[in-house]
Amino acid sequence: MEKTYTNTFPLTMTSSEKQETICIFGTGDFGRSLGYKMLQCGYSVVFGSRNPQMSSLLPSGAEVLSYSEAAQKSDVVILTIHREHYGFLTELTEVLKEKVLVDVSNNLKINQYPESNAEYLAQLVPGAHVVKAFNTISAWALQSGAMDASRQVFVCGNDGKAKQRVVDIVRTLGLTPLDQGSLLAANEIENYPLQLFPMWRLPFYLSAALGLFFFSYCVLRDVIYPYINEKQDSTFRLAISIPNRVFPITALILLALVYFPGVIAAILQLYRGTKYRRFPAWLDHWMLCRKQLGLVALGFAFLHVIYTLVIPIRYYVRWRLRNITIAQIMDKKENPFSASSAWLSDSYVSLGILGFFLFVLLGITSLPSVSNTVNWREFRFVQSKLGYLTLILCTAHTLVYGGKRFLSPLSLRWGLPSAYVLALVIPCTVLVTKFILIMPCIDKTLTRIRQGWERNYKYSKSALNGRSDI
Amino acid sequence: MEKTYTNTFPLTMTSSEKQETICIFGTGDFGRSLGYKMLQCGYSVVFGSRNPQMSSLLPSGAEVLSYSEAAQKSDVVILTIHREHYGFLTELTEVLKEKVLVDVSNNLKINQYPESNAEYLAQLVPGAHVVKAFNTISAWALQSGAMDASRQVFVCGNDGKAKQRVVDIVRTLGLTPLDQGSLLAANEIENYPLQLFPMWRLPFYLSAALGLFFFSYCVLRDVIYPYINEKQDSTFRLAISIPNRVFPITALILLALVYFPGVIAAILQLYRGTKYRRFPAWLDHWMLCRKQLGLVALGFAFLHVIYTLVIPIRYYVRWRLRNITIAQIMDKKENPFSASSAWLSDSYVSLGILGFFLFVLLGITSLPSVSNTVNWREFRFVQSKLGYLTLILCTAHTLVYGGKRFLSPLSLRWGLPSAYVLALVIPCTVLVTKFILIMPCIDKTLTRIRQGWERNYKYSKSALNGRSDI
Amino acid sequence: MEKTYTNTFPLTMTSSEKQETICIFGTGDFGRSLGYKMLQCGYSVVFGSRNPQMSSLLPSGAEVLSYSEAAQKSDVVILTIHREHYGFLTELTEVLKEKVLVDVSNNLKINQYPESNAEYLAQLVPGAHVVKAFNTISAWALQSGAMDASRQVFVCGNDGKAKQRVVDIVRTLGLTPLDQGSLLAANEIENYPLQLFPMWRLPFYLSAALGLFFFSYCVLRDVIYPYINEKQDSTFRLAISIPNRVFPITALILLALVYFPGVIAAILQLYRGTKYRRFPAWLDHWMLCRKQLGLVALGFAFLHVIYTLVIPIRYYVRWRLRNITIAQIMDKKENPFSASSAWLSDSYVSLGILGFFLFVLLGITSLPSVSNTVNWREFRFVQSKLGYLTLILCTAHTLVYGGKRFLSPLSLRWGLPSAYVLALVIPCTVLVTKFILIMPCIDKTLTRIRQGWERNYKYSKSALNGRSDI
């Protein structure tokens, strides 16, 4: 084969044929940046322009011709023109025949047009092989080389060879091509750069709702109640004391919500006696944004940690501690050391720290570059085993924090329990249910279901059929 | 060449021949998920099944045929069947001849069978080109698109073209192929998904042993000793005080152990007078898990930092500080400001903070995506120069913490020194040895050895021979 | 096409022709490691050596021949020899004709020779297709598989096919090829491994200068002034108190400097009335190292946070708090609770924590693997919207910290204001200017300019020409 290599292409080795020529229609910012980058990577570049003489600021080394002249120079034409101006292409149908036509356009709004720009282009120029690509890359990034955001280029198209051609170009430019299939995917690819954290939306709204509810609840108990009953001004609590109740509560609930859908799914599978039925859509969506839920929870936990650590440097705390000391001296009261108080105080702090430590570990392993270096067994170990351990530690931290006061009628105000008592409902539910699910008899059934076994007879043949399959 | 492109394959451009067909044997979870993903990425998919009529839940758009019919539709056959059921393939030897046969199977245990599944398959179907691939990818990840764990697909096989074929498919699916060589590598590839953090095992056991030893040591000195001598109940120290001695000690020793093998290797090279002899296996293994050792050390350092920062909010500490104030008032003693105490207290804290800061920097640069953006000179600068600076700062932090009490006979209990004194042995050894090694005369010899020079005559010819080489 | 596949190359399928042979000239560390890795990945390897009999330590399975014999075995020759010893290649010109000759050499200094090693090689062996590659990979990394630093292999060369050949080899070895264009890029590629954080240099020097200035300023006000006026020894403040003023000040100024160049660029565009003129070089460079500036600022902010959190465990602080309590008891003064002090203290702490939290978020999203998963809209949202919010919170934190003392003549010492007052100049300037720039009338003009509109007539035609382009 090596022989063949040197024998077959001796002529193509001469320097005149070395470079591939790429044609770029349009001389806007993106067109120029792309041309510049392509020249850097060893391509010849020909710009097609409505007005070749007037085009300025083009990278040196590139030719500028009229659209139809430029298109004849290359069999790959990259279209860096807004969809609204595609009209002129109908005149070039003949020239563009059998060429690879790359659509890089984006819209201003999600689903702005009935069909994607690339599909519209394929209708306009039926003879060309339309490929969608490059729409996620910014002109500035191409030119400066500072690829801070994504290097990923989504590519789709109906013609396999045309697509491969574009994929090769993408790779040569040092970007990462991701084949998304046929031109039907163009719509999704065009919507992608317009998205703003779609997977974070549910976690964000959920945490906002939880945060607001518990904030109001704490304001009621800790600011309004003392004001009405004792005319005491506690508004300064709004800055640190109350946030430092809301944050840990929100974090704990969100963390529990990460593990809730898994428990629900298991119950559903047990109830249905098969895994071969789709989960409801809300459960699917919930399961897909567990990572984001967990990271938002970690954010709140982080805030809780720092808000807790600054306690001793707060004016109010120093004033109160001083007053306790003075009162003790004035009253000449004894101040015996309470070993049980020391135990309670130290152990709830210690549980919290260990929980936070594991939580940070979970966060780090969810970084794309870290999770990419572990295998599935390791990933599941961290996210499931360590995750449940984190939930247990954080729930225990809250329970021990309550300590003796927990559910004591003295801590009720207007019949309302402390906020942390409410916070424990979901985590305890999740932990108790999970505990039941891992009891041997139930776990065995669940494992069988997950391996393809079905309770109902009528499905079982297909299951038997697939039992030897992975 | 561009001309050739459009001329040679005009017929393949028609839409009917656009799509490549892939055959998948087996209709289990993984087979269906892979088929679904392949359809998405523009392939035609044909499933081969024992019982084509009974197969359910297959992705729409895919055909289901008998094994032998399906195999005839494509020259790539992906086998998603457990090894135990490979038997039927012997009947298909003729059909599978010259085809690319992809083995995706995994086992339940490491080294379960004498030979790898892929090699076993190659023996069963001698005419086919067996390629191992896809075994590290999970069905759920393929289907949901949530590629949280690895996108890496290890590929190996004896036939270069067959392997290239599979590599291209892997890439088209948006995964990252990693060529691992011939089919001999299949064993390692099949063991990979069964591993659970193999490189972390040594650091984990080491830190567990160190932690347990120092925990027992501290319990002896700080809980049992006061109990026996003064009948004082200090068990509450188990929650925070003692962990906050064990964590920094373990962190410091582990950090020193990161730099210890480098020092040993240098001494060994100096002693042997050549670099052309292998290090003992334990030293090699130790050197390969330095990163993990360092990260475990960072974990302990992180815990130490938080356990230290919560000191002022502990019940015990507040109680003790209050008592000191009260005692001072009662005794009407003067409380002169000691500048040297302030210096000692502030500088050990400051050294610790700076050490921790550099330690966190080291941790961040060891993230795969960060270390991937630096060159070797930068990586060595961070991991070696900054690493040693971290070790120096942390050792100094411990030394200054000891301060006046260091090695004082008063701090002996039952003849046992404080735990931090023991902790300093290894770090100081490493630092002193390193200091000796970087002295000009020794450093010069070491540098020459590392550039290929050899002390003994008999080896020196081969060294001379290689001196011009990189 | 699949038919063609099996029909055309039936002979190449026999096992004897399966493996491609690669020739490596030179048997030094790197040559051996590369050969070892290539054997692992399924290549045949032939070493070319000056003295084939004397070569030791070569990976088993590789052949060693004389240079000219070895070169005849393969059409890819990898040269792992130092540039100084390239002389012998002139005798091999005939053998190397039409071969792919890969230069992996590095120099000891940046721009050591007038032309790059690869260009020098191309002159020496004019018939060969010289490709530069592999120079950023270390021998140790190849052998141990611990690819801690970069897996990126920069490739450049004048011949497209030769380059493609090398790119394929790089990919087979599990490394990431990055095409850098023609051999002209070799100089840059050879300088790359010699660089030491070039983009971090400006941020580093800037922060060092700022840090030193504010350190001296604080020493003057807080150590020298009390010593001269009150003979008070405050040198212990050098360890924590003064660093904890210098760090937040430096962090705040550096953060403001991240957003300063964007504001300057906007003013420049408004003044010029066009975006089609290059920014001055200093502004370009400043804009390109904004990320590094921000990360250095985050480092200082992190130090500030920990230095602040340790305040209550410092000897000096405990001594002072005790004295305040004692003085209060002795004087029998009332100690009324000041709600406004509580508000001020809590809100500046709270603002600081929130600012730091957002700052950490910004830092995390600037990790390559994280920023790679967001699209440009999301990246801009985080880095611009959240970034400005961070700057606002941190500036507010500093303003509220000043509180009542702010600009009070009592806090002047030798006419010098507190350091934090100086620190506010640049952040406030940036925020006020930005506030003016986002006022509707100005923002509208700026948006039009950034869309290609130009104020001056003479340029406007080319703008019109490009208006339809992306």
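This is a predicted model: local features need pLDDT of at least 70, side-chain atom pairs count only at pLDDT 80 or more; totals for chains, interfaces and linings use all residues.

Colleague: Which residue in β5(C) does Leu79(C) stand opposite?

Modeller: Strand β4 (residues 76–79) and strand β5 (residues 100–103) of chain C run parallel and are joined by 4 bridges. Within β5(C), the residue that stands opposite Leu79(C) is Asp103(C).

Colleague: At what angle to β6(C) does helix α5 of chain C run?

Modeller: The sheet of chain C is open, with 8 strands in the order β3-β2-β1-β4-β5-β6-β7-β8 and mixed pairing. Its edge strands are β3 (63–66) and β8 (176–179) of chain C, each of which pairs on one side only, and the twist from one strand to the next averages 30°. Helix α5 (residues 117–124) of chain C lies across β4, β5 and β6 (129–132) of that chain, and its angle to β6(C) is about 170°.

Colleague: In chain A, which strands stand at the edges of the sheet?

Modeller: The order β3-β2-β1-β4-β5-β6-β7-β8 describes an open sheet of 8 strands in chain A, with mixed pairing. A strand with a single partner has one side left without a neighbour in the sheet, and the strands of chain A for which this holds are β3 (63–66) and β8 (176–179).

Colleague: What is the bridge partner of Lys132(A) in β7(A)?

Modeller: Strand β6 (residues 129–132) of chain A runs antiparallel to strand β7 (residues 152–157) of chain A, and 2 bridges join them. In β7(A), the partner of Lys132(A) is Cys156(A).

Colleague: Is Ser345(A) buried or exposed?

Modeller: Ser345(A) belongs to helix α14 (residues 339–365) of chain A, and, with neighbours within four places in sequence left aside, it is in contact with Arg314(B) and Tyr315(B). Because its relative accessible area is 12%, and the limit for this class is under 20%, Ser345(A) is buried.

Colleague: About what area does the nonpolar surface patch that includes Ile224(A) have?

Modeller: Ile224(A) lies in helix α9 (residues 201–230) of chain A and is partly exposed, with a relative accessible area of 34%. Together with Leu220(A), Tyr227(A), Ile228(A) and Trp414(A), Ile224(A) makes a nonpolar surface patch of about 480 Å².

Colleague: How far apart in space are Phe134(B) and Val102(B), C-alpha to C-alpha?

Modeller: Phe134(B) is located in the loop between β6 (129–132) and α6 (139–144) of chain B, and, at 2% relative accessibility, it counts as buried. Not counting residues up to four places away in sequence, Phe134(B) touches residues including Phe30(B), Leu34(B), Ile78(B), Val102(B) and Val153(B). Although Phe134(B) and Val102(B) are 32 residues apart in sequence, their C-alpha distance is 8.6 Å.

Key: Residues are numbered from 1 along each chain as its sequence is written. Chains are lettered from A and ligands numbered from 1 in the order in which they are written. Side-chain values use heavy atoms; hydrogens and water are left out. Patches are made of residues with over 30% relative accessible area and no salt bridge: like charges are joined within 9 Å, nonpolar side chains (Val, Leu, Ile, Met, Phe, Trp, Tyr) within 5 Å. Accessible areas come from the Shrake-Rupley method with a 1.4 Å probe; for residues, only the protein chains shown count as cover. A salt bridge is a side-chain nitrogen of Lys or Arg within 4 Å of a carboxyl oxygen of Asp or Glu. Buried means under 20% relative accessible area, exposed over 50%, partly exposed in between (1.4 Å probe, protein chains only). Two strands pair if DSSP finds at least two bridges between them. Contact means heavy atoms within 4.5 Å. Axes are lines fitted to C-alpha atoms, for helices over the stretch in contact, and angles run from 0 to 180 degrees between N-to-C directions.
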